[in-house]
Amino acid sequence: MSYTNSEIDKLVTPTKIHRAVYTDPEIFDLEMKRIWGGAWIFIGHESQIPSAGDYTTLNIGKTPIVMVRDKQQQIHVLHNRCGHKGAKLVDKPCGKIGGFRCCYHGWTYRLDGKLLGVPHMAGYEGTGFDKEDPRYSMQKFARYESYRGFVFATLDPSAPDLKVWLGGAGDVLDNLCDRSPEGEVEVAGGVLRFEHDCNWKMFIENLNDTMHPMIVHRSVVDAANEFIKTLPEDSPHRIEAEIIPPFGASYENFEATGITGFPYGHHYDGGKSSIHSDYSVDPDYAAVMIEAYGEERTREILTFNTHNTLYYPSLTIKSAIQNIRIVRPIAVDKCVIETWSFRLKGAPDSMLQRTILYSRLINSNGSMVGPDDHTAYFRMQQGLLSQASDWVEMHRNYGSDNDLGDRRTNSGTSDLDMRSQYGAWRHYMLGEVAHYG
Amino acid sequence: MDDKFDGVARLCDIEEFLYEEASYLDRPDLDRWIEQYTEDGTYWMPAIEDQADALNHISLFYDDRVMMEIRRRNFVHPRAASKDYKVRCSHIISNVRIAEECNDTGSLTVTSNFQCVMYYHDKQSLYAGRYTHELVTIDGGFKIKHKRVDLINCDGVLGSIIIYI
């Protein structure tokens with residue numbers, strides 16, 4: 001079957017979601033077209049391509065993309081497909097080129113994607129083929145924009161400006177950059193790519209799900225606390241001892257951190273406090289921050305403490321930790337989650353080292369946190385094949401979201417995050433206004 | 001002739017030690033496995049080829065004894081959902097070579113190739129790559145000061161890795 005809009009309309013209510021939203025390949029295909037084809041999608045960071053000819057490749061859904069910097073320093077987001085027979089023009093994760101040249105018949109393109117050369121043109125004379133026809137150039141995304149180095153692109157020419165789309169959630173991207181004494185971050189320390197046997201939405205629905213850590217992560221918190229107890233009191237300080245135990249924080253603790261939701265499906269938990277708030281601050285880092293910003297502004301920056309911030313649907317960041325995760329849907333029951341780390345320019349090396357430690361400890365395929373989350377996700381993916389019920393529920397604190405105009409807030413243990421996401425889901429799938437619940 | 005014989009006997013001892021360590025991971029028995037490491041021992045699984053640094057670049061694993069102790073407890077915790085499923089491994093180690101040896105301290109660096117077939121959650125997977133063991137001699141036996149595991153697909157897309165390899 002193919003879904004009509006009125007059928008899609010019935011799949012999501014303010015308190016429940018039909019299981020087909022997670023299990024039906026047709027819904028997945030529609031999401032790729034309407035959500036991933038309509039929203040601003042995170043493409044990469046400018047620091048990955050610092051000079052002319054530098055490129056990086058990625059897939060959005062099944063579509064191969066290349067982000068490249070041209071000789072005028074302009075960044076372009078292009079479809080990675082030759083205008084001739086369709087071969088991918090570059091096929092490494094990143095690299096440097098003078099221009100694009102297809103490996104098959106040698107068609108060449110400028111760094112902005114314009115077709116330059118076609119070998120042995122004589123055969124095309126009088127055939128109607130026109131090398132200047134833009135259809136034969138590399139196709140550009142409808143729009144691409146950078147916000148403080150973070151490059152987003154959209155296939156929808158009528159999408160709102162990136163800054164409007166980010167809305168109040170953009171404060172967290174600002175906070176990530178402001179945590180550098182130079183106000184800039186750069187990608188550093190490599191990437192982890194973690195295959196998940198679940199629908200892509202299960203991962204993003206977990207980001208502000210504060211009802212799970214004390215259950216899912218209890219085992220690592222217990223193991224850490226149990227071992228820490230055996231250590232002599234004068235044992236050296238371990239950052240791990242600051243990072244792991246907050247995953248076992250109480251319901252009341254998470255409730256107090258709050259969740260804030262925005263139009264277009266973005267949201268974060270925390271703000272005044274989060275599970276990252278009690279980390280110790282390297283005095284050398286504090287010193288360079290105070291030198292750059294003064295004491296008051298430094299305090300303001302470092303006490304804006306969010307946990308996970310989602311830019312629906314593709315990017316989630318931890319500004320207080322300086323890592324990000326990127327969502328790459330593969331199929332209705334498969335996605336890849338990438339974890340990247342950022343260096344705060346001008347900050348001591350200890351800051352990147354803490355980011356790397358955090359990513360390894362929490363987000364790595366070999367960690368004691370990520371694999372437990374992943375287990376919950378694939379059990380949902382399998383459990384939802386049951387016909388016992390068609391519905392997934394999201395009632396928590398329904399009806400009590402505080403509407404502050406540009407944002408909504410509620411308890412940190414509410415399903416406000418789910419309501420924000422499914423507002424956006426309906427927006428992209430049905431063309432509705434992107435607030436819901 | 002004697003030197004050559006000693007050399008072969010030495011290599012046999014080293015291989016025997018590597019097999020023993022692997023046998024604890026086959027079961028897996030982390031209590032016994034940890035005992036193979038020195039107090040300052042570390043286990044490292046880099047995330048890129050020829051990774052030089054575990055602190056400024058992400059790794060899949062980088063554990064010292066503290067993290068090994070936490071992992072050992074986590075592994076048998078009744079509420080660790082990812083550990084609900086039995087893990088069984090079969091490690092094959094070959095191409096064992098002594099890369100470096102210091103006669104004064106009795107420490108040596110041994111490289112080998114490995115294949116680890118892992119059965120977990122109804123699925124069998126194959127991990128392969130190269131081990132580098134830094135060994136020290138204590139009380140006539142070996143202990144591991146550092147083990148490095150370079151997977152041939154360390155920078156590929158990987159699923160959950162539930163146990164040390």
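Predicted model: local features only at pLDDT ≥ 70, side-chain atom pairs only at ≥ 80, totals over all residues.
Where in chain B is Pro28(B) found?

1. Pro28(B) lies in the loop that runs between helix H1 (2-26) and helix H2 (30-34) of chain B. The bond that joins Arg27(B) to Pro28(B) is a cis peptide bond, and its omega is about -15°. As background for a reader new to this, most peptide bonds are trans, and most residues other than glycine have a negative phi.

2. Chain A also has a cis peptide bond, this one between Tyr312(A) and Pro313(A), with an omega of about 5°. Pro313(A) belongs to the loop between strand E16 (305-311) and strand E17 (315-318) of chain A.

3. A further backbone detail concerns Arg148(A), whose phi is near 50°, which is a positive value in a residue other than glycine. Arg148(A) sits in the loop between strand E11 (143-147) and strand E12 (150-154) of chain A.

4. Turning to the two chains together, 33 residues of chain A are in contact with 28 residues of chain B. On the side of chain A that touches chain B, at least two residues each come from strand E13 (185-196), helix H8 (218-230), strand E19 (334-344), helix H13 (349-363) and helix H14 (370-383) of chain A. H8(A) gives the most to this side, with eight residues. Sorted by class, the side of chain A that touches chain B has 13 nonpolar, eleven polar and nine charged residues.

5. How do two helices pack across the chains? Two packed helices are described by the angle between their axes and the distance between the axes. For H8(A) and helix H3 (residues 65-75) of chain B, the angle is about 130° and the axes are 8 Å apart, and H8(A) and H3(B) are therefore oblique to each other. The crossing in which H8(A) passes H3(B) is right-handed.

6. The residues that make this helix contact can be named one by one. From H8(A) they are Ser219(A), Val220(A), Ala223(A), Ala224(A), Glu226(A) and Phe227(A), while H3(B) supplies Glu69(B), Ile70(B), Arg73(B) and Asn74(B). By class, the contact of H8(A) with H3(B) has five nonpolar, two polar and three charged residues.

7. Within chain A, the domain assignment gives domain 1 (41-147) and domain 2 (168-430). The centres of domain 1 of chain A and domain 2 of chain A, taken over C-alpha atoms, are separated by 34 Å. Eight residues of domain 1 of chain A are in contact with ten residues of domain 2 of chain A. Strand E3 (residues 41-45) of chain A gives the most to the domain 1 side of this contact, with three residues, and the residues of that side divide into three nonpolar, five polar and no charged.

8. Strands of a sheet pair through backbone hydrogen bonds, either parallel or antiparallel. In chain A, four strands form an open sheet in the order E6-E5-E4-E7, and their pairing is antiparallel. Strand E6 (75-79) and strand E7 (94-96) of chain A stand at the edges and have a single partner strand each, so one side of each is left without a neighbour in the sheet. Neighbouring strands of this sheet are turned by 25° against each other on average, direction ignored.

9. Asp54(A) stands opposite Lys96(A) in E7(A).

Methods. Residues numbered from 1 in each chain as written. Chains lettered and ligands numbered in written order. Contact = placed C-beta atoms within 7 Å. Nonpolar A, V, L, I, M, F, W, Y, C, P; charged D, E, K, R; others polar. Axes fitted to C-alpha atoms, helices over the stretch in contact; angles between N-to-C directions. Parallel < 35°, antiparallel > 145°, perpendicular 65-115°, else oblique. Left-handed = near helix turned anticlockwise from the far one by under 90°. Domains from an automatic or database assignment. Pairing = 2+ DSSP bridges.
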